[in-house]
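Please find below a note on the structure under review. The points are meant to be read with the sequence and the coordinates to hand.

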Amino acid sequence: MTAGWGMALAALAAGSMVVAPATAKPVLTHEATITHAAGGLRTTWSGVPRVTARQVGSPGAAGRPDSLRCLWRVDLDIARHTEAANGTSLHAKARAERAFELSRPGWCGREGAAFAGQLAARDKALWRACANTRQPTRVL
């Protein structure tokens, strides 16, 4: 094997273990008034999705099929802010891990291209994860 091919394979192996940087866009906000013995509690949930991509597999050698796959994962960081009529406030944070996952064959591309045709399913999964944080299971 030539030195050039050895370096290319080493770079590919190192690149397959690197996780793409997360994107943070506050896209989910929900407000509600919760009835309580002390009066109504104004509550706001804000969800920030964290999208990561991981390249797995390898390109095939001549005459062999490749095994390249891109694994997309969306975690949701949720901040809850509750305020009582007397001014008392409560803040809580939770994380919904693996709120949505997607696996695509080939190289990892742009985030928008990966979720093409999957936006409705992804958004529904994120809203479901946000709604389930009324009783957070993991506090950050």
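The numbered points below go from the overall fold to a helix, a pocket and individual residues.

1. The model is predicted. The chain contains three helices and five strands, and their order along the sequence is α-β-β-β-β-β-α-α. Of its 140 residues, 26% count as buried. Considering contacts between residues at least 6 apart in sequence, 59% link residues at least 24 apart.

2. Length of helix α3. Helix α3 covers residues 119-131, that is, 13 residues. At 1.5 Å a residue the helix should span 18 Å, and the distance of 18 Å between its end C-alpha atoms agrees with this expectation.

3. Which residues of α3 are buried? They are Arg122, Ala125, Leu126, Ala129 and Cys130. Viewed down the helix axis, these buried residues fall within an arc of 135°, and therefore they line one face of α3. The face turned away from that buried side carries the exposed residues Ala120 and Lys124.

4. What covers helix α3. The cover over the buried residues of α3 includes the strands β2 (28-34), β3, β4 and β5. Helix α2 (111-114) is also included in that cover.

5. The second largest pocket. This pocket has a volume of about 150 Å³. Ten residues line it, and those closest to its centre are Thr52, Arg54, Leu71, Arg73 and Arg98. At least two lining residues come from each of β3 (41-56), β4 (69-83) and β5 (89-105). By class, the lining comprises five nonpolar residues, one polar residue and four charged residues.

6. Arg98. This residue deserves a separate remark. Arg98 is located in strand β5 and is among the residues closest to the centre of the second largest pocket. Although Arg98 is not a glycine, its phi is positive, at about 55°.

7. Leu41. Leaving aside neighbours within four places in sequence, Leu41 is in contact with Ala32, Thr33, Ile34, His36, Thr82, Glu83 and Ala84. The C-alpha atoms of Leu41 and Ala84 are 4.8 Å apart in space, while the two residues are 43 residues apart in sequence.

8. Ser46. Strand β3 also holds Ser46. With a relative accessible area of 30%, Ser46 is partly exposed. Apart from residues up to four places away in sequence, Ser46 touches Leu28, Thr29, Asp77, Ile78 and Ala79. A distance of 8.5 Å separates the C-alpha atoms of Ser46 and His81, which lie 35 residues apart along the chain.

9. Ser89. Strand β5 contains Ser89, and at 39% relative accessibility Ser89 counts as partly exposed. Its contacts, not counting residues up to four places away in sequence, are with His81, Thr82 and Glu83. Two of these residues, Thr82 and Glu83, are also in contact with Leu41. Ser89 and Leu41 themselves are 48 residues apart in sequence, with 9.1 Å between their C-alpha atoms.

10. Ala85. Where does Ala85 lie? Ala85 belongs to the loop between β4 and β5. It has a relative accessible area of 76%, so Ala85 is exposed, given that exposed means over 50%. Ala85 and Gly40 are 45 residues apart in sequence, and their C-alpha atoms are 6.9 Å apart in space.

11. Points to check on the display. For helix α3, the reader may compare the buried residues, among them Leu126, with the exposed residues Ala120 and Lys124 on the face turned away.

Note on methods: Residues are numbered from 1 along each chain as its sequence is written. This is a predicted model: local features need pLDDT of at least 70, side-chain atom pairs count only at pLDDT 80 or more; totals for chains, interfaces and linings use all residues. Side-chain values use heavy atoms; hydrogens and water are left out. On a 1 Å grid over the protein atoms alone, a cavity is a set of points where a 1.4 Å probe fits but cannot get out, and a pocket is an open set with protein on both sides within 12 Å along at least five of seven lines; lining residues have an atom within 4 Å of a point. Grid points are joined across faces, edges and corners, and a volume is the space filled by probe spheres set on the points. Helices (H or I, at least four residues) and strands (E, at least two) are DSSP runs, numbered from the N terminus. Ala, Val, Leu, Ile, Met, Phe, Trp, Tyr, Cys and Pro count as nonpolar, Asp, Glu, Lys and Arg as charged, and the others, Gly among them, as polar. The expected span of a helix is 1.5 Å times one less than its number of residues. Buried means under 20% relative accessible area, exposed over 50%, partly exposed in between (1.4 Å probe, protein chains only). The arc is that of the directions from the helix axis to the C-beta atoms. Contact means heavy atoms within 4.5 Å.
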